[in-house]
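Reader: I would like a close look at one part of this model. Please pick a single residue, place it in its chain, and then show me the wider setting.

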Amino acid sequence: MNHSIKVSTGRKVFLCFDYIFLLFIAFICLLPFINLLAISFSSKLPVAAGEVTFWPKGFTTSAYEFIMHNNAFVKALWVSIQRTLLGVTVNLVLIVLTAYPLSKSTADFRLRNVYSWFFVITILFSGGLIPGYMVVRYTHLMDTIWALILPGALPVFSMLVVMNYMRGLPRELEEAAYIDGANHLHTLVNVILPVCLPTLATVTLFSFVGHWNSWFDGMIYMNKVENYPLQSYLQTVVINPDAFFRNTTNASADIMRFVSLVNSRTSNAAQLFLATIPILCVYPFLQKYFTTGLVMGSVKG
Amino acid sequence: MHIHKTKGVEHVLKTRWNKDKLIRELPLHIMLIPAIILVLIYSYGSMVGTVIAFQKFVPSKGLFGSPFVGFDNFTNLFSMPNIWPVIRNTVVIAFAKMTAGVVVPVVFALLLNEISTMWAKRGIQTIVYLPNFISWIILAGIFKDILSPNTGIINAILQQIGITPIFFLGDQKWFPFTMVFTDVWKTFGFGSVIYLSALTGIDPSLYESAQIDGAGRWKQMLHITLPGITSIIVLMTVLSMANILNGGFDQIYNMYSASVYATGDILDTFVFRLGIQNSQYAISTAAGLFKSAVSLVFIAVSYKLADKFAGYRIF
C-alpha cells in the first residue's frame with residue numbers, strides 16, 4: 001500500500017508508535033523465556049536474592065550438568081522422545097488414511113457422510129475423565145507407552161483440516177490419475193500427498209507439539225513414576241519443587257558437588273528450558289506453512 | 001437443483017455401474033478401518049462408560065455389575081455447597097478468555113497489517129506465535145517464578161515504580177485476572193493468523209479508489225478493512241461459544257492452590273479432584289457428563305449459527 005507519494009506527518013507518527021508498540025508486545029512475549037534462560041545459567045546466590053533479570057549472574061552451567069546426572073530427568077526425556085516419534089507417525093498415517101476417503105464427494109463414496117458423522121461426533125461429545133481411564137484399563141494399556149498413543153490415535157480436528165484441504169484441490173488431478181488406471185492407494189501416495197505438503201506440515205507440527213506437551217495422560221495412565229514422559233515428570237517438579245533437593249541426602253558425591261551452585265529454582269529453570277528446545281527446533285521450519293496449510297484447510301475454498 | 005435434470009441418466013448409470021462402483025469404493029472403506037476401530041474403542045467406549053454417572057458405581061463390580069440409581073449422582077452433585085461457585089468461576093473465566101481471545105488478536109492483526117517492512121513483520125510474527133506451542137507445564141513453571149511476590153521479576157519491576165508487590169497466583173482477587181491475562185498472552189499471536197490472512201485477501205483496488213475519493217487511513221480502516229474481515233470475526237466469535245465451560249484445565253490446575261479455590265476452581269479441576277484424588281468416580285463422571293451435555297448444546301448452536309452467518313461447515 002505504498003502508492004501515496006507523500007506520507008502525512010500524522011501517518012508517520014502513527015507508524016512510529018505502531019512499531020514501538022508491536023516491538024514492545026514481542027518483547028513481552030519473549031521476556032519470560034529470557035528470564036528463564038538467565039536464571040538457568042546463574043548461580044544459586046544471586047538467584048535466591050532475586051537479582052537475575054535478563055542476563056545470568058555468576059555464570060555457570062552447573063544446573064545443566066546437575067540435570068544430566070539426574071536419572072529421572074534423562075529417563076523421562078527418553079520416554080517423551082519415544083512417544084513423540086511413535087505418536088506423530090501413528091497420527092499422520094491415520095489422518096491421511098481417513099482424510100482421503102472422506103474428501104471424496106458423496107457421488108464417489110456413498111457412505112462418506114455417515115463416516116464423517118461417526119468421527120465428528122467424537123468432537124461434539126466425549127466420555128470424560130473416569131470413563132476414559134476405565135477404557136484404557138480394560139484394554140490393558142496401563143503403564144505402557146500405547147496408553148499415550150492409542151486413545152488419541154486419530155486427531156479428528158487435524159483430520160478435518162487435511163480433508164478440507166484435499167477437497168479444495170482441483171478435481172482434474174485425480175481424474176487424470178484415474179484415467180491412467182491408478183488405484184486409490186496409488187493416487188493418494190503419488191498424486192494427492194505431494195500437493196498436500198503445506199497442510200501435512202501444519203498437522204505434523206500440531207501432532208508433534210501435542211505429544212511433546214501432553215502431561216495429563218502420562219500422569220493418570222502411568223502408575224510408575226519412571227514411566228512418566230518429560231512433561232508429567234516436570235509437572236511433579238513444578239508442583240512440588242523441593243522434592244528434588246530433599247533426596248540429595250543420599251545422593252552420590254557426583255551430584256553433591258553441584259549443590260553449592262544449584263538450587264531448585266536454577267535447576268527447574270534449566271529443566272524447563274531443555275524441555276522447550278525441541279519445540280524451538282521444529283517450529284521455525286514449519287511456521288511458513290501455517291497460513292496456507294491451516295487457513296485453506298479450515299475455511300473451505 | 002440440477003439433480004432433477006440428471007436423475008434419469010444417473011439412474012441408468014447407477015444400475016449399470018453398481019458392481020464396478022462397489023469395487024472402486026472398497027479400498028476407501030478399507031482405508032478407514034484402523035481409525036474406525038480405534039475411535040470405536042477409545043472414544044465411543046468412553047461414551048458408553050458414562051453410564052456410571054447413573055450408577056452407584058463399585059469398582060470391584062465393574063461397569064456392568066453396579067446398580068443403577070437414576071439421577072441420584074446429579075442430585076448429590078448439585079446439592080454440594082461449592083458446585084455453584086465452581087460453575088460461576090468457570091463461566092466467568094471462560095467468558096473473559098473468549099472475549100479477549102477475539103478482541104486482542106483482531107487489534108493485533110490490524111496493527112501488524114499497517115507495517116510494510118516485511119522482515120520486521122515476519123520477525124514479530126515468529127516471536128508472538130511461539131508461546132502458543134509451549135506447554136502449560138513449562139509456562140506454569142515460568143509464571144510461578146516470575147510472578148512470585150518475593151523473587152519474581154514482575155514484582156521487582158512493580159516495586160521499582162512504587163507499587164507494593166502483588167501475589168498474582170495466591171490472591172483470590174487477582175487469580176482469575178492472572179489466568180485470563182496469561183492465557184491471552186499465550187494464544188493471541190497464533191489467534192491472529194486467521195485475521196492476518198483475511199486482511200491480505202482484501203482487494204487492494206478498494207484502497208486505491210478510496211484514496212482517490214479522498215478517504216484517510218482511518219476512514220479506509222472503518223469502511224474497507226473492518227468490513228473485509230467482519231465475516232471471519234463473526235465466525236470466530238460464534239465458534240468460540242463452544243468453550244463456555246472450558247476454563248482451561250492445564251493452565252489452572254498447574255497454577256492454582258487451595259487459597260484461590262473460591263475464585264479459581266473450575267469444573268474441570270473440580271471433576272479431577274473429585275474423581276482422581278477423592279475416588280468419587282460416579283459423581284465426578286456425573287459432573288463431567290453435565291459439562292459435556294451443556295457444551296454439546298453450545299457447540300451445536302454455534303455450528304448452526306456459523307453455517308447461517310458465514311457459510312461455515314465443519315465437513
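Author: Helices here are DSSP runs of H or I with at least four residues, and strands are runs of E with at least two, numbered from the N terminus. On that count, chain A has 16 helices and zero strands. Keep in mind that this is a predicted model.

Now the residue. M163(A) sits in helix α7 of chain A, which covers residues 156–167. Is M163(A) buried or exposed? The cut-off for buried is 20 or more other C-beta atoms within 10 Å. M163(A) has 24 C-beta neighbours inside 10 Å, so it counts as buried. Across chain A, 40% of the 301 residues count as buried.

Next, the neighbours. Leaving out residues up to four places away in sequence, M163(A) touches A99(A), L102(A) and S103(A), and also F315(B). K104(A) lies 59 residues from M163(A) along the chain, yet their C-alpha atoms are 9.0 Å apart. For chain A, take the contacts between residues at least 6 apart in sequence: 73% of them join residues at least 24 apart.

In total, 69 residues of chain B are in contact with 73 residues of chain A. On the chain B side, helix α1 (residues 3–49) gives the most, with 16 residues. That side of chain B divides into 43 nonpolar residues, 20 polar and six charged.

How values were computed:
Residues are numbered from 1 along each chain as its sequence is written. Chains are lettered from A and ligands numbered from 1 in the order in which they are written. This is a predicted model: local features need pLDDT of at least 70, side-chain atom pairs count only at pLDDT 80 or more; totals for chains, interfaces and linings use all residues. Two residues are in contact if their C-beta atoms, placed from the backbone, lie within 7 Å. Ala, Val, Leu, Ile, Met, Phe, Trp, Tyr, Cys and Pro count as nonpolar, Asp, Glu, Lys and Arg as charged, and the others, Gly among them, as polar. A residue is buried if 20 or more other C-beta atoms lie within 10 Å of its own, exposed if 12 or fewer, and partly exposed in between; C-beta atoms are placed from the backbone.
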